[in-house]
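Notes follow in the order I went.

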Amino acid sequence: MSDLRDLYQEVLLDHNRRPRNFQKLEGANRTAEGYNPLCGDQITVYMKLEDDVIRDISFQGSGCAISKSAASMMTAALKGKTRGEAEALFQHFHNMLTGKPGAEGGTEALGKLAVFAGVCEFPIRVKCATLPWHTLHAALEGKGEPVSTE
Amino acid sequence: MTSAGGTLTNAKAKAKAAAPAAAGRAARLDVEAIRRDFPILRQTVHGRPLVYLDNAATSQKPQAVIDAVTRYYGAENSNVHRGVHFLSEQATQAYEGVRGTVREFLNAAEDREILFVRGTTEGINLVAQSYGRAALRAGDEVVISGMEHHSNIVPWQMVCEATGAVLRVVPITDAGEVELEVYERLLNARTRLVAIVHISNVLGSINPVKQMIAMARRWNARVLVDGAQAVPHLPVDVRDLDCDFYVFSGHKLLGPTGIGILYGRAELLEGMPPYQGGGDMISSVTFEKTRYNTIPYKFEAGTPHIAGAIGLGAAIDYVQGVGLDRIAAYEDELLGYGTAALSAIPGLRLIGTAPAKAAVLSFVLDDAHAHDVGTILDREGVAIRAGHHCAMPLMQRFGVPATARASLAFYNTRDEIDALVRAIQKVKEIFG
């Protein structure tokens, strides 16, 4: 039970119940769709990108608590960040979840996002947490194709 | 849907007629003894006894099947059909013997109507690519239902794309039954083929396939039945059903993965072009002209999964030893217990409530996504499946992104249902 509580921390459950920035963004100039065919998680990320700065960001979709809260916290963390800062954060986040060396160094930079550290113990769920970030990446790249975790 | 209910009643009535003591014996099905035959069930997962409720994905294997495969590789391994030596003769006999076992199991007329394939998916693709491509013309219609597994949708989309035939889909009711009246109206002179699942892998619904086949016959349409979920749970008689093709996988029937069966009527198989070319499927080859072998070998190019076939034979022997009538009765009772237990949980909605139903319990919870349910249950030792179950159109039909699915087998117990319920309570504690 203890590792389950590590996974489903209160902050995460709160973002799942009341996702932030959970709507279509009027005036968005970047959007991307992400999809996890294994479990059917689906997400659309909307973004207002000006001079390589994320002025505003939101998302819509359906998915498990991990993917939904990850998307919610991602949007909260990225407002006002530059493209480079967003990509760096994604790298830290990814490293933390996959337990890559140097992951510790990034935990500080991750701030509240460090709450997802517990996902590391559930390898099958890593894709749930990274789906919103892969979708963000696609939006930043301006790719028209939906991204898939497979 | 009284017709669907009628089928189950018929199946049960038939089982009773065939073995009058079945009902009495069913109560005495010794589950503890049966469980001892399945070594995998003895283990613990995350420190808790394994509660395996993912049988619709794949069944566990009894020691008899494991032994048969081990014995083959340890003492009998040899290639079939071509060798003149002792081992090859033994292997050929064992392999071909299983064809007979399967024929009896399905009550097919002849051994040569039994084709070894990799599984249900390959069996359906074989029919679509061989029979479908040759028989379908632009404007012809192929009918499937709204509860099909992707493996009984995509092969037909592919062949329709190639031939210009049209795919028609029979809708299903809120309870999860085929809308028979709509199906009947959908059939017409252009209907060439009906492909229908016998038991839904998501809903557990037992479709009234015999009735549906009779309806298709009036229009001279051919019928393929996807029996992947049916053969482990109820007796199947292809001649009584009057189907043209019947397909199933070995691994859902206590057998090895990578082996499955396609039953086809001999006269249809004989007229069909080969699916794959290679060794064993020919009678003579020159660079100018190749003569194909007779059925079933025409459809079995290359060295087959001999060990898999032998394991499947042992699996069928095991199932027959327990008795499918007893298995069906026991599982039905377990399903009743599970349905009552899950229905009593507030905020839980069962998906698939057809009166004629096999032991599948698909559900969604108000507060938790199926994927989260799956993870939490796993930590309690309870193995279920979460997701779209390769039936995305069906998920759409019920307006859910995914379901959690507990699928039962005859080695499951009421205690395990209780463990499932306790684990769902944990989900509610975390997400409540």
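Entry 1: I began with H12(B), which is mostly covered: 13 of its 17 residues are buried. This is a predicted model, so I kept an eye on confidence as I went. Next I checked the length of the helix. With 1.5 Å a residue, the 17 residues of H12(B) should span 24 Å, and I found the end C-alpha atoms 25 Å apart, which agrees. I also looked at what comes after H12(B): Gly323(B) follows, and its phi is positive, near 100 degrees.

Entry 2: Which peptide bond is cis? I found that the one from Ile295(B) to Pro296(B) is, with omega near 5 degrees. I placed Pro296(B) in the loop between strand S12 (290-292) and helix H12 (306-322) of chain B. Strand S11 (residues 282-285) of chain B pairs with S12(B) in the antiparallel sense, over three bridges. I noted one pair there: Ser284(B) has Arg291(B) in S12(B) as its bridge partner. S11(B) and S12(B) make a hairpin, and four residues sit between them.

**Entry 3: the seven-stranded sheet.** I traced an open sheet in chain B with the order S4-S10-S9-S8-S7-S5-S6, and its pairing is mixed.

Ile114(B) stands opposite Tyr263(B) in S10(B).

Then I looked for helices on this sheet. Helix H7 (residues 154-163) of chain B packs on it, touching strand S5 (141-145), S6 and strand S7 (191-197) of chain B. The direction of H7(B) makes about 145 degrees with that of S6(B). Helix H9 (residues 209-217) of chain B packs on the sheet as well, and touches S7 and strand S8 (222-226) of chain B. I have the direction of H9(B) at about 175 degrees to that of S7(B).

**Entry 4: the four-stranded sheet.** Further along chain B I found an open sheet of four strands, ordered S13-S14-S17-S16, with antiparallel pairing. Here strand S13 (348-351) and strand S16 (385-387) of chain B are at the edges; each has a single partner strand, so one side of each lacks a neighbour in the sheet. The twist averages 30 degrees from one strand to the next.

I picked one pairing to follow. Strand S14 (residues 360-365) and strand S17 (residues 403-407) of chain B run antiparallel and are joined by four bridges. Phe363(B) stands opposite Ala404(B) in S17(B). Helix H14 (residues 370-379) of chain B packs on this sheet and touches S14, S16 and S17 of chain B. Its direction makes about 160 degrees with that of S16(B).

**Entry 5: positive phi outside glycine.** I noted Asp51(A), with phi near 50 degrees, a positive value in a residue other than glycine. Asp51(A) is in the loop between strand S2 (41-50) and strand S3 (53-62) of chain A. Is Asp51(A) buried or exposed? I found 7 other C-beta atoms within 10 Å, so Asp51(A) is exposed.

His46(B) also has a positive phi, near 50 degrees, and is a residue other than glycine. I located His46(B) in the loop between strand S1 (44-45) and strand S2 (48-49) of chain B. His46(B) has 12 C-beta neighbours inside 10 Å and therefore counts as exposed; the cut-off for exposed is 12 or fewer.

**Entry 6: where the chains meet.** How many residues does each chain bring to the contact? I got 13 residues from chain A and 14 residues from chain B. On the side of chain A that touches chain B, the residues are nine nonpolar, three polar and one charged.

Entry 7: For the complex, the predictor gives an ipTM of 0.89 and a pTM of 0.91. Chain B has a mean pLDDT of 93, with 94% of its residues at 70 or more. I flagged residues 1-26 of chain B, where the pLDDT is below 50; in the model this stretch has 40 contacts beyond near neighbours in sequence. Where pLDDT is low, predicted coordinates should not be read in detail.

Definitions and conventions. Residues numbered from 1 in each chain as written. Chains lettered and ligands numbered in written order. Predicted model: local features only at pLDDT ≥ 70, side-chain atom pairs only at ≥ 80, totals over all residues. Pairing = 2+ DSSP bridges. Helix = DSSP H or I, 4+ residues; strand = E, 2+ residues; numbered from the N terminus. Contact = placed C-beta atoms within 7 Å. Axes fitted to C-alpha atoms, helices over the stretch in contact; angles between N-to-C directions. Buried ≥ 20, exposed ≤ 12 C-beta atoms within 10 Å, placed from the backbone. Nonpolar A, V, L, I, M, F, W, Y, C, P; charged D, E, K, R; others polar. Expected span 1.5 Å × (residues − 1). pLDDT = per-residue confidence, 0-100.
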